[in-house]
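Subject: Structure for you to look at

Hi there,

Here is the structure I promised to send over.

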Amino acid sequence: MSKFNGIKIVSKVEVKDKEALSIVYTPGVAASCIKIKENPENSYEYTNRENSVAVISFDYEQALQRAIFLKSVLGIDAYPFEISSTKEDKIKLVVENIEPSFGAIDLSLIENEVKNIDFKVSIPVLKGAVNDLKSFFLCVSKNLFMFSYDNLTGTKDEKSLQLRKMAGGVIEVELTEEKQLKPVGIVSDGSAVLGLGDIGGLAGLPVMEGKAVLFQELGDVSALPLCLKTQNPDEIVEIVLLLQNSFSGINLEDIKAPRCFEVEDKLIEKATIPIFHDDQHGTAVVVLAGLLNALHLANKKVENVKIVFSGAGAAAIAVCKLILAVGAKNITMFDIDGAIYSGREQNNFAHEEISKHTNLSSFKGSLKEGIKNADVFIGLSAPNLLNEEMVKSMKSKPIIFSLANPTPEIMPDVAKQYGAFISASGRSDFPNQINNSLVFPGLFNGVLKNDIKKITNEIKLNCAFALASLVKDNELSTDYILPDALDRQVPETISNNVI
């Protein structure tokens, strides 16, 4: 019998086209999140949680061998973790807060340190030997054989729910004979999930599983969803640092602003592995790439155009900063309280910082007023905020990126109907999809391949220029400003341009 030496986190289904992408990831994934938010027990129906066990040790290789045993003998999808502290309070912090991602936790490798700890969790926690491991963990493995998306029926949401229920989520562990890099950790507290807002780590798990599918399918990167119960930024940082030897890198996901800035900054400062907040920087890279091509088509220059943002959260601020880095000079950001300007009473620290570089005229009006004569609208906010009057008040050849998910600020076809020169969204069922999957799989592939410890602004700009250049001048059109999200040359190009 072959000796297994590694594990990979792989997809249970193939993402072969945009229809499959929309079912496995956005917008279809939101339906599972809503079901779990309504009833937490649904997490066992619509994710792989029912067959997922976290194996924790003070040594990664020891945890890995235990995980390989659980998978090879019992069919359990087990994930190895190394925790860097033997203190009871630190172990308790980790175990209780990773609960949303797993159906059980195996602490048998550190039984002496945990035998007296009372863990406040609702899932089985193994502290020592038992006669029947599979029954103790209550694990159920589901697999799809000869699966076809054609067998799914109904709306996109209904198809997405059917798929996850049949398959038990969309990821699983695969054993390999060769050693593997440690996985990338997809860390989320569920406080800003897609367009669903603060639904918590457990309800956010389907999104993180979908993210793991894209990591593997597009970037050949093994990625492990780690949805946390806590939303305390200091605890999130501490948990990641305690577990960092379990990962090759960390992809922060769906953490609310301004909390996400604090978490990212502290982890970049203290961690020894690369940290990347995809909602911020993945979004920024792909938006900048699309904007550069859109402006080229409109025969406009970034330093001359007026740009307005709807939304001033993590993604919007990161996008704004990257556009400023390539020479934009006239940007105004808007949130629910109107235009953001220096000294505004409602500003948080991130708003105050960005206001030093934007809205230099200190405009204090609403988005409806501020969008007049704008060349570019970038929405990272909420559904249906943009109307016909606002679109028609923009300058000639208006460029509209309505990126709220799953329902944008204005539907792309409606924006075109009202006069948009170029309309883009985050959806896979319209042209010009602005999708982070164009960035993070290839970026992490290149970062890990080149053993890069810090993802710099230069790397992000390199990736944006490389992505934009993939659409040649003779291909560029108002309905094609970026490569397809599933174009396999994209991750390779991004990977090759991180340095």
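A residue counts as buried when its relative accessible area is under 20%. In this predicted model, Cys227 has 0% relative accessibility, so Cys227 is buried. Cys320 is buried too, with a relative accessible area of 0%.

On to disulfides: the count is zero. For Cys227, the nearest cysteine sulfur is that of Cys33, 9.0 Å away. The sulfur of Cys320 has its closest cysteine sulfur in Cys260, and at 15 Å that is too far for a bond.

Phe261 is buried at 7%, while Phe349 is partly exposed at 49%.

Phe276 and Phe444 make another edge-to-face pair, 6.0 Å centre to centre with 85° between the planes. This pair links strand E10, which holds Phe276, to helix H19, which holds Phe444, across 168 residues. Phe276 is buried at 1% relative accessibility, and Phe444 is buried at 0%.

There is also an aromatic cluster made up of Tyr79, Phe81, Phe102 and Phe247.

Lastly, two lysines: the charged end of Lys182 sits over the ring of Tyr60, 4.7 Å from its centre, and Lys364 lies over the face of Tyr341, 4.6 Å from the ring centre.

Best wishes

Key: Residues numbered from 1 in each chain as written. Predicted model: local features only at pLDDT ≥ 70, side-chain atom pairs only at ≥ 80, totals over all residues. Heavy atoms only, no water. Disulfide = S-S within 2.5 Å. Buried < 20%, exposed > 50% of the residue type's maximum accessible area, 1.4 Å probe, protein only. Phe/Tyr/Trp six-rings, centres within 6.5 Å; stacked < 30°, edge-to-face > 60°. Helix = DSSP H or I, 4+ residues; strand = E, 2+ residues; numbered from the N terminus. Lys NZ or Arg CZ within 6 Å of the ring centre and 35° of its normal.
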